Amino acid sequence: ATSAFAPPSPLKSTLRHKNIIALHAKKEATFGMGCFWEPSETLLSKDGILATTVGYTGGKPNAKAPTYDSVCYGRDWVEAVRVVYDDTIVSYDD
C-alpha cells in the first residue's frame with residue numbers, strides 16, 4: 001500500500017483550476033512522472049481538465065516527508081500530478 005498524495009512543501013498551494021464549482025462529482029486520476037510542472041500546465045490546457053495539483057506519491061504509509069533525494073533518486077517517492085477532469089468531455093484514456 002502507498003500513502004496519500006502529498007503536496008510539496010513549502011509551497012502553500014499548487015492547485016490550478018479553471019472552475020472550482022465544476023469540481024463536484026467529477027473524475028480524478030493521479031499520474032506519477034519524472035517532473036510535474038510542465039505536464040501539469042499541459043494537462044490544464046486541455047478541454048475537460050478542470051484542475052491539476054502537483055505533489056508526490058508512492059511513499060510507504062509511515063514514510064518521512066518527501067525530500068529532494070528521495071524523489072530525484074527514486075527512493076520512496078515520485079513526482080505526480082493529480083488531475084480532476086470532466087469525463088463527459090475527456091476520458092481517462094485521452
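In which sense do β3 and β4 pair, and over how many bridges? The two strands pair in the antiparallel sense over eight bridges, where pairing requires that DSSP finds at least two bridges between two strands. This is a predicted model, in which local features need pLDDT of at least 70 and side-chain atom pairs count only at pLDDT 80 or more, whereas totals for chains, interfaces and linings use all residues. Residues are numbered from 1 along each chain as its sequence is written, and side-chain values use heavy atoms, with hydrogens and water left out.

**Strands**
- Strand β3 (residues 49-57) is mostly covered, with nine of its nine residues buried (under 20% relative accessible area, 1.4 Å probe, protein chains only).

**Asp-86**
- Asp-86 lies in the segment after β4 (78-85) and counts as buried because its relative accessibility is 11%.
- The side chains of Asp-86 and Thr-88 are joined by a polar contact of 2.5 Å (a pair of N or O atoms within 3.5 Å, of which, within protein, one must be able to donate a hydrogen and the other to accept it, residues adjacent in sequence counting only if both atoms are side-chain atoms).

Key: Helix = DSSP H or I, 4+ residues; strand = E, 2+ residues; numbered from the N terminus. Buried < 20%, exposed > 50% of the residue type's maximum accessible area, 1.4 Å probe, protein only.
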